[in-house]
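Subject: Handing over the structure

Hi,

Here is the structure I promised to pass on to you. Have a look at it first, and then read on for what turned up in it.

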Amino acid sequence: MRAEPTLLFGHDEQVAAWVAERIPHVRGGDFGPCKAIGVGSAQLGKLWAGIVYHDYQERCGTVQLSMAAESPLWATRGTIRALLHVPFVQYRVWKVWTATPHANERALKVNEHIGFKREATLAHHFGKGNHAIICRMLAPDYARRFGAD
């Protein structure tokens, strides 16, 4: 029997550190001022994924999202909707964006599956030869895909 994902709030620093250690270009660093939500199994006491909201630009209506996962069990439609509810409904941002190394096709496919669209490539953004693919989701995309709140 599969355990249902549980959202873990109130542990921003610990979840952000967990995510940072799993993203090669962030490992050993941090996200600066941020909020984070863990996703895991309350029954098993295990973290499956973490989402970090950082580089929040209130005036521009944007926030960057970074995530890491150790299991696909976190990725239910309800969990994804809840995690995107935070920036789009609570923060009222217009755009959520991600920066993913170009060689990380698995993460890029996850982004696209969730509903993010590839928007730009930043050459050598993560070091020589390691380009960043910028993906974005706009508020109307969220509303269409997950229902307006």
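**A buried leucine in a helix**

At a relative accessibility of 0%, Leu-108 counts as buried. Please keep in mind that this is a predicted model. Leu-108 belongs to helix α3. Which residues does Leu-108 touch, leaving aside its neighbours within four places in sequence? Its contacts are Thr-100, Pro-101, His-102, Arg-118, Ile-133 and Cys-135.

You will find an open sheet of 7 strands, with mixed pairing, in the order β1-β2-β3-β4-β5-β7-β6. The edges are taken by β1 (6–8) and β6; each has a single partner strand, so one side of each is left without a neighbour in the sheet. From one strand to the next, the twist averages 30°.

One of the pairings joins β2 to strand β3 (residues 46–57), which run antiparallel over 8 bridges. Ser-41 stands opposite Lys-46 in β3.

Helix α3 (residues 105–114), the one that holds Leu-108, packs on this sheet and touches β4 (62–69), β5, β6 and β7. The direction of helix α3 makes about 160° with that of β5.

**Salt bridges**

There are 8 salt bridges in the structure. One of them pairs Asp-12 with Lys-35, where the closest N and O atoms are 3.9 Å apart. Asp-12 sits in helix α1 (residues 12–22) and Lys-35 in strand β2 (residues 34–41), so this pair ties together parts that are 23 residues apart in sequence. Both ends are partly exposed: Asp-12 has a relative accessibility of 24%, and Lys-35 has a relative accessible area of 45%.

Glu-119 takes part in two of the bridges I would point you to. The side chains of Lys-95 and Glu-119 meet at 3.0 Å, N to O. Why does this pair tie together parts that are 24 residues apart in sequence? Because Lys-95 lies in strand β5 (residues 95–101), whereas Glu-119 lies in strand β6 (residues 117–122). Glu-119 itself is partly exposed, at a relative accessible area of 40%.

The other partner is Arg-136, whose salt bridge with Glu-119 has its closest N and O atoms 3.0 Å apart. Arg-136 lies in strand β7 (residues 132–138) and Glu-119 in β6, so here the parts tied together are 17 residues apart in sequence. Through shared partners, salt bridges join Lys-95, Glu-119, Arg-136, Asp-141 and Arg-144 into one network.

That is what I have for you on this one. Happy browsing, and do write back with any questions.

Best wishes

Notes. Residues are numbered from 1 along each chain as its sequence is written. This is a predicted model: local features need pLDDT of at least 70, side-chain atom pairs count only at pLDDT 80 or more; totals for chains, interfaces and linings use all residues. Side-chain values use heavy atoms; hydrogens and water are left out. A salt bridge is a side-chain nitrogen of Lys or Arg within 4 Å of a carboxyl oxygen of Asp or Glu. Helices (H or I, at least four residues) and strands (E, at least two) are DSSP runs, numbered from the N terminus. Buried means under 20% relative accessible area, exposed over 50%, partly exposed in between (1.4 Å probe, protein chains only). Two strands pair if DSSP finds at least two bridges between them. Axes are lines fitted to C-alpha atoms, for helices over the stretch in contact, and angles run from 0 to 180 degrees between N-to-C directions. Contact means heavy atoms within 4.5 Å.
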